[in-house]
Amino acid sequence: MIDVLRAAWLIARKDIVVEIRNRELAYTTLFFAVACILVFAVAFVDDMGHAIPGAAAGILWVAIAFSGTLALGRTFERERQSETLRALLLSPIERPAVYLGKLAALLMLMFAVEAVVVTLVATMFQASLGRAPWMLLGLVVAGTVGFAAVGTLFAAMLARLRSRDVLLPMLLYPVTIPVVIAGVKGTQAIFAAEPNLDLAGMWLAMLISFDAVFITLSLWTFGPVMSE
Amino acid sequence: MTTAGPGTTAAAFDDVDLHDVSRHYGRRRALARVTFSCGRGQILGLLGPNGSGKSTLLGVLSTLVRPSLGEVRYGGRPSSEWGDALRRHIGVLGHDLFLYGDLTAYENLEFFGRLYAVPDLDRRVRDALEAARLTDRASDPVNGFSRGMRQRLALERALLHQPRLVLLDEPFTGLDDESAQLLTDRLKTLRASGVIVVLATHDFDTADSLLDRVVCLREGRAREIERGGGPLRERYRQALKESWT
């Protein structure tokens, strides 16, 4: 287990170093998420600065899901350029370590983007971040983990296919719809005029269950699906 | 140079045997009942036209591609018995070079060295950079390297963990005369130290003087070309003309 975590950390650290050097994923993902929020803000916030009730939560999760998909596609594109994914699979580390490493690096990137996205949504849609900050943090973290856990598996599976850019959202969104819905509902419960933390807690529990199931399944299936 | 990787016993892995190995991709047959063996200190060449199955065969030997039928034995043990540890004893230089362009030469070797748990890593990385004649470019990103420099670095990456079996796919591609000679010398050193080398190539002139044995592939079927009887290129052409049953 320690060997798996050590190898996963090596891969994640390598991805982070590469990203810090070229910042390609951070810039494109952030730009896309911010543009998405700004467009929705123009549509859903009136001249008096009042937003449609419930819109902020939906827009937050649309921005997370769409920008996350963009990051997912590119993170494995890098491994494809010089067939380095093959090199990782040829190394003596256990295959789940490759999955965990890629997932960890992707999560760090998504969390960094979400720090900006959540703040921007709160500002544009007058949603209070101070009502239940830990619950909101839990929802965003658990939802992102669930989305990225499934996405990393699918992106790795599709990395060698020519039609991967089309297939990734087609496979990913139907499976991650429960995550997005739970995230939206939980966040709505926090952003509502009268916050319902019990309801938000229930959605958070659902997200955590989803994370546990999909991380387990992904670890179990990653090795076989990556074999040719 | 010691040839055994971390945790290896030399006796554990001195030969590789393929028994009736076939590989199908849907209805397409990439390999058909390929059987041969290769022992320590041998350089075995895989020759054959494009699409004849050379890369698939290297993929099977590297454990990346599972045979549809048949079995590969490493030191008498099937790959399933070895588990993940088997890959510690195999070094692969693919047609693509398996290098991260945004990392420096040193960082590339260090990263893969850590994945293979190479002991005394800093010294081994510096030795590898010296062998690749890239010591003065160690801190430069690989993106700025020429094809030949990348090829030399990729070879050292494949050898960093001192594998027992080295698989090379078209290793002479893109190399100038001097680099090709360096690679030839490196392969001879590996042979002298008991490493099993399997290389796919179209470079007959280099291969003729280097290879101990030659296996020719055609439409997924393999046949060994005997030594002697003229230049390798002629023997290869003759082998392709003959009927294969």
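1. Basis. The model is predicted, so that local features need pLDDT of at least 70 and side-chain atom pairs count only at pLDDT 80 or more, while totals for chains, interfaces and linings use all residues. Residues are numbered from 1 along each chain as its sequence is written, and chains are lettered from A and ligands numbered from 1 in the order in which they are written.

2. Contact between chains A and B. Chain A contributes 20 residues and chain B 24 residues; two residues are in contact if their C-beta atoms, placed from the backbone, lie within 7 Å. On the side of chain A that touches chain B, helices H1 (2–22) and H4 (84–90) each supply at least two residues, and H1(A) gives the most, with seven. Helices (H or I, at least four residues) and strands (E, at least two) are DSSP runs, numbered from the N terminus. By class, this side of chain A holds nine nonpolar, five polar and six charged residues. Here Ala, Val, Leu, Ile, Met, Phe, Trp, Tyr, Cys and Pro count as nonpolar, Asp, Glu, Lys and Arg as charged, and the others, Gly among them, as polar.

3. Strand S3 of chain B. Five of the five residues of S3(B) (43–47) are buried, that is, 20 or more other C-beta atoms lie within 10 Å of their own, with C-beta atoms placed from the backbone. B:Ile43, B:Gly45 and B:Leu47 point one way, and B:Leu44 and B:Leu46 the other way. S3(B) pairs in the parallel sense with S8(B) (196–200) over four bridges, where pairing requires at least two DSSP bridges; B:Leu46 stands opposite B:Ala200. Four bridges also join S3(B) to S9(B) (213–218), again parallel, and B:Gly45 has B:Val214 as its bridge partner there.

4. Nonpolar core. The largest core has 152 residues, of which A:Leu60, A:Val121, B:Val197 and B:Val198 touch the most other members. Such a core is a set of buried Ala, Val, Leu, Ile, Met, Phe, Trp, Tyr and Cys residues joined through C-beta atoms within 7 Å. Helix H5(A) (95–124) provides the largest share, 16 residues. Leaving aside residues up to four places away in sequence, A:Val121 touches A:Ile37, A:Ala56, A:Ile59, A:Leu60 and A:Ala127.

5. Helix H3 of chain B. H3(B) (105–115) is largely enclosed by the rest of the structure, because eight of its 11 residues are buried. Among them are B:Phe111 and B:Phe112. The cover over the buried residues includes H1 of chain A, together with H4 (121–131) and H5 (147–159) of chain B. Just after H3(B), B:Ala117 takes a positive phi of about 55°.

Terms used:
A residue is buried if 20 or more other C-beta atoms lie within 10 Å of its own, exposed if 12 or fewer, and partly exposed in between; C-beta atoms are placed from the backbone.
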